[in-house]
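I opened my notebook beside the viewer today and wrote things down as I looked them up.

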Amino acid sequence: MTFENPWIHGLVMGLIIGNVSLAITGYSIWFERKFAGRMQNRPGPTVVGPWGLLQPVADVLKLMQKEDITPRSADKALFNLAPPLTVFVALSTLAVVPVAPGWIIADLHIGILFALALGSLMVFPVWMAGWASNNKYALLGGMRSAAQSISYEIPLLLSATVPIILADSFRITDIVEAQLGGNWFAFWPPGPGFAAFGLFFLCSLAESNRIPFDIPEAESELVAGVSTEYTGMKFGLFYLAEYLHTFIISMVAAALFLGGWDGPGDHDGFIWMALKTLTLFVFIFWIRWSYMRYRSDQLMAMCWKFFLPLGLALVMFSALWVHAS
Amino acid sequence: MNDLESAPINTGEDDGVEWTTVGGVRVPVDLITPPWPDPYMDIEDYDPDADLMVLNMGPQHPSTHGVLRVKLVLDGEICVKCVPYLGYLHRGVEKLCEKLSYVQITPIVDKNDYVSPMMNELAINMAFEKLIQAEVPRRSRYIRTICAEIQRVGSHLLWLGTFGLDMGGAIGGGGSIFMHTFRERELLLDLFEDLTGCRFHYNTHMVGGNRHDIPAGWADKATKVLAELGERCFEYEQFVRDNEIFRARTVGVGIVDPVLAMELGISGPILRASGVDVDLRRDQPYAAYDEIEINVPTETTGDCFARYLVRVAEMRESIRIATELLKGVPEGPIGSLKPVKLPGAVKAKHGLGVYSAIESPRGELGTFVVGNTERRQAAIPYRCKIRSPSMHALQLLPYLCPGNNLSDIIVALGSLDPIMGEVDR
């Protein structure tokens with residue numbers, strides 16, 4: 001579906017894709033709680049609505065009713081700006097991710113760079129929240145988050161370079177089209193492709209502060225990290241941004257490495273993109289509920305000593321591969 | 001299941017560790033690392049250019065196991081100085097003991113170590129029995145031992161769950177471990193409910209025996225539950241011990257020097273993880289421990305991982321001991337005194353002080369009781385001092401923390417297994 005006028009196209013697509021993503025994100029919280037419950041021998045939410053299906057609605061209503069507290073010693077402007085900014089940054093990334101042929105808000109020729117740049121912007125609102133709260137736990141969380149995001153940017157970029165080189169384009173639509181017909185970059189070239197996929201996935205996890213890399217939050221050490229002082233819907237926005245970010249990295253990973261909407265035979269379409277995205281999304285939940293978290297210095301060591309050389313090697317390999325074939 | 005019997009108990013004999021003897025106790029050489037950090041260090045003496053931050057962790061913090069408050073002086077995220085502040089859960093139990101009679105004290109001390117309440121009852125009643133020289137029938141001693149071992153399993157299960165929380169947080173993998181260990185603990189609480197009618201604060205021990213006899217069918221049920229638990233212990237090993245991140249977070253973290261630990265009066269799994277082979281169940285047998293062989297697991301690395309290994313091995317050992325004792329519970333009375341609930345039923349006729357100690361899940365839980373010489377006060381102790389192992393374990397914090405990352409401090413604190421009810425009493 002495309003419109004002649006890019007403004008109208010962007011508006012219509014943005015409304016559809018943005019709202020569907022928000023709805024999926026909202027319900028993913030219900031799904032995650034059910035999923036975690038099953039992993040832990042308990043039923044999860046059951047009370048609100050059938051199978052607890054109205055739980056996200058109840059949660060949002062509850063969060064809206066909470067008292068909105070701004071600490072007296074906080075930097076009010078930054079403190080209030082940080083939560084909407086996280087959601088804004090997370091949602092903006094959706095603009096360049098194609099969900100089906102023609103279904104993209106803005107088909108930028110540097111789409112992948114745009115997505116990665118927005119991902120690195122994510123550190124600002126988090127650090128802002130940590131600094132502006134004037135709380136020691138929040139400060140430590142913000143510091144950790146800044147160090148972590150900046151470090152993991154580099155291997156993330158390197159691993160994303162692999163599909164760029166293989167598809168010979170920065171446009172995500174081109175990258176997906178280069179993989180049509182089962183030629184997925186996660187499995188071709190065999191081995192290094194999968195390594196790049198894994199690297200991208202892990203670094204994205206680190207970027208979005210998910211377990212086992214959720215050291216900025218680290219609720220057992222830092223109480224709630226950067227969101228310690230936030231209440232009500234401001235906390236809710238942080239929460240939403242975290243899930244949205246997770247959802248979007250699943251989408252980007254599916255587009256870059258798993259062939260996007262490429263299905264078996266001629267059955268390409270939106271459903272495959274959705275299936276791949278949700279599979280990765282659930283996989284992130286699975287990891288989250290089975291692992292503990294690393295220590296911040298171990299995380300840094302892993303990034304600089306292992307992920308970075310691996311990323312460089314993968315980039316060199318893919319360049320040679322393209323050159324040879 | 002058969003692996004339970006043959007599960008290897010590490011005694012540190014054959015893994016190439018060099019040993020030395022300090023004060024008549026054999027300790028691994030590698031772990032002795034003086035000079036120890038100075039807990040009274042003046043932070044003015046620290047690098048004057050450093051930008052230090054004082055962080056009051058607790059008394060309301062998710063990982064301080066209740067209401068412990070730790071004042072940390074941080075340089076970046078590295079701890080420079082650590083001062084634990086105790087007393088937020090002080091309820092004056094020892095003073096209460098001077099106002100209540102021997103019979104009335106038991107339910108009070110239940111609330112000390114609220115993770116293994118029956119251990120408190122056992123410890124204090126053993127001291128009273130020693131004071132008034134009361135006999136305990138053999139059947140009662142068996143029941144006490146079985147209960148103590150099941151309590152130990154329950155206590156270590158709770159420790160494992162909360163230790164997971166310390167590392168992974170309630171939302172995440174740590175929460176999964178927590179939920180699983182609590183599922184198992186639930187089975188044990190059901191056993192105690194069948195035995196005493198209560199799930200937590202039992203009031204089942206009394207001077208000279210037990211208040212509740214084993215109900216019909218309980219032994220079979222307990223054996224079945226313990227066998228199931230033994231299998232699940234192996235599940236935990238797969239889930240926790242073989243977990244890459246668990247190892248990364250615990251191996252080499254919070255190493256306890258055995259000599260320092262002994263000087264601070266630390267006992268139990270912390271000391272055994274540092275290679276010191278002490279266990280009151282074997283060294284000073286009480287209750288029915290003289291009738292059964294006890295393997296004491298020890299480790300020689302002294303870090304958080306060693307403490308985890310020791311506790312899990314102890315859990316398996318306790319399951320074995322309880323299962324074996326359940327096979328041969330002798331017939332007979334369960335108390336040498338009549339089970340009256342009148343406050344004045346038990347009287348001490350002299351003012352001698354006696355000390356008796358048991359091996360609680362956290363170490364040596366001792367009670368020092370002095371009887372009252374005044375004739376009208378004969379049913380009330382003059383002084384009752386409870387020596388709690390957690391209190392001593394917390395003395396280690398100022399030595400463990402300096403030089404460590406904030407995340408490691410949480411893990412080290414969790415591995416000490418402090419129960420604040422017992423620390424503050």
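My entries below go from the chain contact to a helix pair and then to a sheet.

**Entry: where the chains touch.** I kept in mind that this is a predicted model. I looked up the contact between the chains and found 24 residues from chain A and 31 residues from chain B.

**Entry: a helix pair in chain B.** How do helix α3 (residues 102-109) of chain B and helix α4 (residues 117-132) of chain B cross? I read an angle of roughly 155°, with the axes coming within 8 Å. Angles over 145° count as roughly antiparallel, so that is how I logged α3(B) and α4(B). The crossing is right-handed. From α3(B), I listed Tyr102(B), Ile105(B), Thr106(B) and Val109(B) in the contact; α4(B) brings Asn120(B), Glu121(B), Ile124(B), Asn125(B) and Phe128(B). By type, I have 5 nonpolar, 3 polar and 1 charged in this contact.

**Entry: a sheet in chain B.** I traced an open sheet of 3 strands in chain B, ordered β3-β4-β5, with antiparallel pairing. β3 (52-57) and β5 (78-85) of chain B are at the edges with a single partner strand each, so each has one side without a neighbour in the sheet. The twist from one strand to the next averages 20°. I followed β3(B) along strand β4 (residues 69-75) of chain B and noted 6 bridges. For Leu55(B), I found Leu72(B) in β4(B) as the bridge partner.

Key:
Residues numbered from 1 in each chain as written. Chains lettered and ligands numbered in written order. Predicted model: local features only at pLDDT ≥ 70, side-chain atom pairs only at ≥ 80, totals over all residues. Contact = placed C-beta atoms within 7 Å. Axes fitted to C-alpha atoms, helices over the stretch in contact; angles between N-to-C directions. Helix = DSSP H or I, 4+ residues; strand = E, 2+ residues; numbered from the N terminus. Parallel < 35°, antiparallel > 145°, perpendicular 65-115°, else oblique. Left-handed = near helix turned anticlockwise from the far one by under 90°. Nonpolar A, V, L, I, M, F, W, Y, C, P; charged D, E, K, R; others polar. Pairing = 2+ DSSP bridges.
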